[in-house]
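Here is a short report for a reader meeting this structure for the first time. Please look over the sequence and the model before reading on.

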Amino acid sequence: MTSTLQDPKVAAALERMYAESAEQFAAMSSGATDFSRLASASPQERADALSEYYLPVTPDAGRLLYALVRAARPATIVEFGMSLGISAIHLASAVRDNGAGRVVTTELSAAKVTAAKKTFAEVGLDDLIEVLEGDALASLQNLDGPVDFVLLDGWKELYVPVLELLEPRLSPGTLVVADNTSMAELQSYLDYVRDPANGYVSVSFPARDADSMEISCRI
């Protein structure tokens, strides 16, 4: 038995996307790209400036997301921060293999929405992925039905506001996975999900050598 991640179209797309991402990170590390000017920019300005950059989950983190979705079998997955679609492909692959469910993903960059939708169609997962373009705090207001799995991977200052927006829809047992939680600006998010008064059991999980994910279960 094989998974959708091993489908030739899906595997080839992920290989290409990760290779392009590696090239981008190499350029960033060499100092060829300077993003210091974005420190004081708005979320929309940052999204537009980074419209060609992947900002992806790692391959290991992608496989973790796939495994969690296979195990939890959520009916509705919400992703905050689609970027160019690497994590959404992992999530939708798990939904495909579960035989039921959907992925609702959000993205500020119109260019990324166009590119990701094209990729989703090419790999045959577009029927499982609904892309909401624009401010997630607005686009997720009208989400219908309960939410059973959440991935937070957008602008870090919005993790708590997005989670608070979704909380009335979270089913008991919903998993909330937050990426890049070793970043200093996410301490307030960690404080929130690690406070038992807010209704989560939460644990840190290494996602790469210098970073981690936080996996929180809604109780």
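Contact here means heavy atoms within 4.5 Å. The model is predicted.

Start with threonine 119, which lies in helix α5. Setting aside residues up to four places away in sequence, threonine 119 touches Arg16, Met17 and Ile89. Is threonine 119 buried or exposed? Buried means under 20% relative accessible area. Threonine 119 has 8% relative accessibility, so it counts as buried.

Valine 123 also lies in helix α5. Its relative accessible area is 9%, so valine 123 is buried. Leaving aside neighbours within four places in sequence, valine 123 is in contact with Lys9, Val10 and Ala13. Valine 123 and alanine 11 are 112 residues apart in sequence. In space, their C-alpha atoms are 8.9 Å apart.

Helix α5 covers residues 110–123. The helix lies across β2 and β3. Its direction is at about 170 degrees to β3.

**The sheet**

Which strands make up the open sheet, and in what order? There are 7 strands, in the order β3-β2-β1-β4-β5-β7-β6, with mixed pairing. β3 (129–133) and β6 stand at the edges. Each has a single partner strand, so one side of each is left without a neighbour in the sheet. From one strand to the next, the twist averages 15 degrees.

β6 and β7 are joined by a hairpin through 2 residues. These two strands pair in the antiparallel sense over 8 bridges. β5 and β7 also run antiparallel, joined by 4 bridges. The table gives bridge partners in β7.

| Residue | Bridge partner in β7 |
|---|---|
| Valine 176 | Serine 216 |
| Alanine 178 | Glutamate 214 |
| Valine 203 | Isoleucine 215 |

How enclosed is β7? Of its 8 residues, 6 are buried, so β7 is largely enclosed by the rest of the structure.

Helix α3 holds 14 residues, 59–72. How far apart are its end C-alpha atoms? At 1.5 Å a residue, the helix should span 20 Å, and its end C-alpha atoms are 20 Å apart, which agrees. The expected span takes one less than the number of residues, times 1.5 Å.

The buried residues of α3 are Ala61, Gly62, Leu64, Leu65, Tyr66, Leu68 and Val69. Just after α3 comes arginine 73, with a positive phi of about 50 degrees.

α4 lies across β1, β2 (102–107), β3 and β4. It runs at about 175 degrees to β1.

The largest nonpolar core has 38 residues. Which of them touch the most other members? They are Leu91, Phe120, Leu125, Ile129, Phe149 and Val177. Elements giving two or more residues to this core are α1 (8–29), α3, α4, α5, β3, β4, β5 and β7. α4 gives the most, with 7 residues.

Take leucine 125 as one of these core residues. Not counting residues up to four places away in sequence, leucine 125 touches Thr4, Val10, Ile89, Ala92, Ser93, Arg96 and Phe120.

A second, separate core has 27 residues. Among them are Val78, Phe80, Leu170 and Tyr192.

**Aromatic pairs**

How many aromatic pairs does a search of the whole structure find? It finds 3. Phenylalanine 80 and tyrosine 159 form one that is edge-to-face. Their ring centres are 6.3 Å apart, with 80 degrees between the planes. This pair links distant parts of the chain, 79 residues apart. Phenylalanine 80 is in strand β1, and tyrosine 159 is in helix α7 (residues 159–166). Both residues are buried.

Tyrosine 192 and tyrosine 200 have ring centres 6.5 Å apart and planes at 55 degrees, so their pair is tilted. Tyrosine 192 and tyrosine 200 are buried as well. Ring pairs also link Phe80, Tyr159 and Tyr189 into a cluster.

Conventions
Residues numbered from 1 in each chain as written. Predicted model: local features only at pLDDT ≥ 70, side-chain atom pairs only at ≥ 80, totals over all residues. Heavy atoms only, no water. Buried < 20%, exposed > 50% of the residue type's maximum accessible area, 1.4 Å probe, protein only. Pairing = 2+ DSSP bridges. Axes fitted to C-alpha atoms, helices over the stretch in contact; angles between N-to-C directions. Core = buried A, V, L, I, M, F, W, Y, C linked by side-chain atoms within 4.5 Å. Phe/Tyr/Trp six-rings, centres within 6.5 Å; stacked < 30°, edge-to-face > 60°.
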